[in-house]
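Student: Could you go through a structure with me? I'd like to start with the overall picture and then look at some details.

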Amino acid sequence: MNRGEGPANSGDAGPPPPPSRAMGINYRLGWLFYRAVFSTYFRWRVYHPERVPLQGPVILASNHASFLDPPLIGAGVTRPLNYLARATLFRLPVAGALLRSVNAVPVERDTGGGAGLKAILDRLRAGGAIVLFPEGTRSRDGQLQPARSGIGLVVIKSSAPVVPVRVFGTFEAFGRHSTLPRPRSVAVKYGLPLHFEQLRAEAASAAKPRVKEIYQQVADEIMRAIAALEPGGD
C-alpha cells in the first residue's frame with residue numbers, strides 16, 4: 001500500500017468555495033443548506049478537503065457515528081458525492097425522486113445483493129466519488145468499530161483510490177440514541193489517499209480463501225488510516 005502525498009494546509013469551513021458544475025440543482029441546494037447549518041448550529045471545522053481529488057473515481061471511507069455524517073462529509077468538499085440508501089426508499093415516488101437527484105445508490109440491506117455492488121462499481125467506473133462506511137453501521141457508543149470486509153471487496157474490484165475520512169463530534173451532536181440534534185462542535189478531516197494496486201494484483205490470481213483475506217486486509221488498513229486521523233489541521 002502506498003500513501004499519496006498532498007498539500008498540508010488546513011482550516012475551517014469559511015466562505016463557501018465555488019461548488020462543482022457537476023452538482024445537480026437539488027444537490028447544490030442541499031450542499032449550501034448543510035454548509036449553513038453546520039457553520040451556524042454546529043460550529044464545524046473542515047480539515048484538508050484538498051486531499052479529495054476533484055475528478056476521477058474515489059472512495060471516501062469514514063467512521064460512522066451519526067446520521068449527520070454523510071451530509072457533513074459531502075458539505076466539506078466541492079465535488080458531488082454518491083451515497084448509499086435503502087432500496088425500499090426508492091419505491092416511494094417522492095422520496096425516490098429526491099434520492100436519485102442527490103446521487104443516492106439503492107442497496108438491499110437485507111439481502112446484500114449484487115445489484116447494489118454493481119451500482120456502486122458503476123458509479124466509480126463512471127468517475128464518481130462515493131462515501132462508504134467500513135464499520136457498516138452507526139456506532140452505538142461513538143467509538144470506532146472493526147471494519148467489515150465489504151469495503152475491501154469494492155476497493156479490489158474497482159480502480160479507485162481511498163481517501164480515509166474521520167468525523168468528530170457527531171455522536172455527541174446527534175448519536176444513535178439521540179432524538180434531536182444538539183448544538184455541539186463537529187469536524188471532518190480528510191486523510192491522504194490510499195492505493196492498493198499490489199493487493200489488487202495479488203487478488204486477481206489468488207485462490208478464493210486468500211481473496212477473502214485480502215478483502216479484510218484492505219478493510220483493516222483503511223480503518224487504521226481512519227483511526228490515525230487526529231483532530232486539528234496537521
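This is a predicted model: local features need pLDDT of at least 70, side-chain atom pairs count only at pLDDT 80 or more; totals for chains, interfaces and linings use all residues.

Student: Okay, how many helices and strands does the chain have?

Tutor: There are eight helices in the chain, together with 10 strands.

Student: What percentage of the residues is buried?

Tutor: Buried residues account for 45% of the 234 residues in the chain. The chain exposes about 11800 Å², and carbon and sulfur atoms supply 57% of that area.

Student: What about contacts, how many join residues at least 24 apart?

Tutor: If we take the contacts between residues at least 6 apart in sequence, 74% of them join residues at least 24 apart.

Student: Switching to the rings, how many aromatic pairs are there?

Tutor: The structure holds five aromatic pairs. One of them is formed by phenylalanine 38 and phenylalanine 42, and this pair is tilted, with 5.7 Å centre to centre and 45 degrees between the planes.

Student: Are those two phenylalanines buried or exposed?

Tutor: Phenylalanine 38 and phenylalanine 42 are both buried. Phenylalanine 42 also forms a pair with tyrosine 41, and here the arrangement is edge-to-face, at 4.8 Å centre to centre and 90 degrees between the planes.

Student: Why does tyrosine 41 count as partly exposed, then?

Tutor: Tyrosine 41 counts as partly exposed because its relative accessibility is 36%, and that class lies between the 20% and 50% cut-offs. Phenylalanine 42, in contrast, has a relative accessible area of 3%, so it is buried.

Student: Which residues do the ring pairs link into a cluster?

Tutor: The cluster linked by ring pairs consists of Phe33, Tyr34, Phe38, Tyr41, Phe42 and Trp44.

Student: New topic: where does serine 149 lie?

Tutor: Serine 149 is in the loop that runs between β7 (129-132) and α5 (150-157). With a relative accessible area of 31%, serine 149 is partly exposed.

Student: And which residues is serine 149 in contact with, leaving aside its neighbours within four places in sequence?

Tutor: Leaving those neighbours aside, serine 149 is in contact with Tyr215, Gln216 and Ala219. Glutamate 135 is 14 residues from serine 149 along the chain, and the C-alpha atoms of these two residues are separated by 9.1 Å.

Technical notes:
Residues are numbered from 1 along each chain as its sequence is written. Side-chain values use heavy atoms; hydrogens and water are left out. Helices (H or I, at least four residues) and strands (E, at least two) are DSSP runs, numbered from the N terminus. Buried means under 20% relative accessible area, exposed over 50%, partly exposed in between (1.4 Å probe, protein chains only). Contact means heavy atoms within 4.5 Å. Accessible areas come from the Shrake-Rupley method with a 1.4 Å probe; for residues, only the protein chains shown count as cover. Rings of Phe, Tyr and Trp (its six-membered ring) pair if their centres lie within 6.5 Å; planes under 30 degrees apart count as stacked, over 60 as edge-to-face and the rest as tilted.
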